[in-house]
Amino acid sequence: MSVTTTDETGVDGRAAWRAADTATANGVLSGLRVLDLSRVLAGPYTAQMLADQGAEVIKVEGPGGDETRGWGPPFVDEGASSAYYASLNHSKDNIGLDLRTDEGRDILAHLLAGADVVIENFKAGTMARWGFDFETVLAQRHPRLIYCRITGFGVDGPMGGLPGYDAVLQSFGGLMSINGYPDGNPLRVGVPIVDIVTANFAVNGILLALLERERSGRGQLVDLALLDSVISLLHPHAANWVASGNVPQRTGDFHPTVVPYQVFRAADGDFFVSAANNRQFRSLAETLGVPELADDPRFTTNGQRYAHREELVAILAERIAPWSRKELALRLEQVGVAAAPVNTVDEALQAPQTRHRGLFLETKDYRGVGVPVKLSRSPHRTPRPAVPRGADTAGVLSAMGYSAERIAALRAAGIFGDP
């Protein structure tokens, strides 16, 4: 990991991660020290996923805090933060620092000295302005440091440095143009999908850099942009345009190439059906009591089903309408046809299989989504709730060697950004 650095003041940046060396049975990343300087979604979620696998994460928040603390209702912790914030920042220590001050930046320098990974999504040039440019400063000062930078459009090029927001990138990156119904407006995907995918790419990049560091002994920049993520999401529409020259259009819940692959109305709600090959289509037709459809020249191949989509959908809709969702799901499951009720969020979270997989947890200390990545031999950390801004400031600084008197003086001077 990083090299211990203790200066003449007795401050040890590595000691800030006071639990790291004893965090056994918490995951494969136990002992990894991650400094989370990010806010909103992509960066915090990246750090949280690393924490889930055992990394010791310190989140730094400025005087105003991460603005998502106020993105409610609903709120948790007696109004201290929103559910939005809590779901992206569990299992982290939290300190408050005003990085506009010299003393705040001095503390940040000590934290950087002990970190293995830093994650930031400041406006382009902010870290350089504070004296922490990766290429010219940090890479030389801390050659093993892995530096993950998340921006909207990158830091150079015609749009380099512009701020990026999930819906803006859904719009700019073409995703919104293919989401929605043909006769309706372009629609934003109902979750911040660009930020979420960027976070997953960031974790991948950090783990790749850690693997390479084992070989070379050197860290490197992990460069993520929301633009990169949204462009990567355009399958199969980008490939279809490359091959045909036809601009992809909105198809609603229809698949752009597979038929049937869409939502139908059952007796008690919406129901999704996918018959992606001829065998599945024949099984679907037999279950619905119209086996002759599988041999109808209009529907014998996917290409023909696509050409006669409206006729086929009308027939299937009439046959699906009398079924209950539960009974039809069971029958189609038995014959190997992919299908499911369109669950609401509460139904999805409380489904028996969701609970069986540990994806929704209700414990004494934590109620929320579980950890999705599971390894056969290595456990992951049990999530602990997000904490108030600055909850661990004194403990972290004390571990680094700051005296109680010095911590009190820094607090009184506003260095921690307290009101």
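**Loops, a strand residue and a cavity**

Guide: Val40 is placed in the loop between strand E1 (33–36) and helix H1 (42–52); helices (H or I, at least four residues) and strands (E, at least two) are DSSP runs numbered from the N terminus. This is a predicted model, in which local features need pLDDT of at least 70 and side-chain atom pairs count only at pLDDT 80 or more, while totals for chains, interfaces and linings use all residues. Residues are numbered from 1 along each chain as its sequence is written, and side-chain values use heavy atoms, with hydrogens and water left out.

Although Val40 is not a glycine, its phi is positive, at about 70°. Val40 counts as buried because its relative accessibility is 17%, the limit being under 20% relative accessible area with a 1.4 Å probe and protein chains only. Ser91, also not a glycine, has a positive phi of about 65°. Ser91 sits in the loop between helix H2 (83–86) and strand E5 (93–96), and its relative accessibility of 1% means that Ser91 is buried.

A further loop, between strand E2 (56–61) and strand E3 (75–76), holds Pro73, and Pro74 is in the loop between E2 and E3 as well. Gly72 and Pro73 are joined by a cis peptide bond with omega of about 10°. A cis peptide bond also links Pro73 to Pro74, here with omega of about 5°.

Arg149 belongs to strand E7 (residues 146–151). With a relative accessible area of 13%, Arg149 is buried. Leaving aside residues up to four places away in sequence, Arg149 touches Glu120, Glu135, Val155, Leu221, Val222, Asp223 and Leu224, where contact means heavy atoms within 4.5 Å.

The structure has 2 cavities of 30 Å³ or more; on a 1 Å grid over the protein atoms alone, a cavity is a set of points where a 1.4 Å probe fits but cannot get out. The second largest cavity holds about 30 Å³ of space, a volume being the space filled by probe spheres set on grid points joined across faces, edges and corners. Its lining consists of Lys59, Arg69, Tyr85, Asn89, Lys92, Asp93, Asn94, Ala386 and Val387, lining residues having an atom within 4 Å of a point. By class, this lining comprises 3 nonpolar, 2 polar and 4 charged residues; Ala, Val, Leu, Ile, Met, Phe, Trp, Tyr, Cys and Pro count as nonpolar, Asp, Glu, Lys and Arg as charged, and the others, Gly among them, as polar.

How values were computed. Buried means under 20% relative accessible area, exposed over 50%, partly exposed in between (1.4 Å probe, protein chains only). On a 1 Å grid over the protein atoms alone, a cavity is a set of points where a 1.4 Å probe fits but cannot get out, and a pocket is an open set with protein on both sides within 12 Å along at least five of seven lines; lining residues have an atom within 4 Å of a point.
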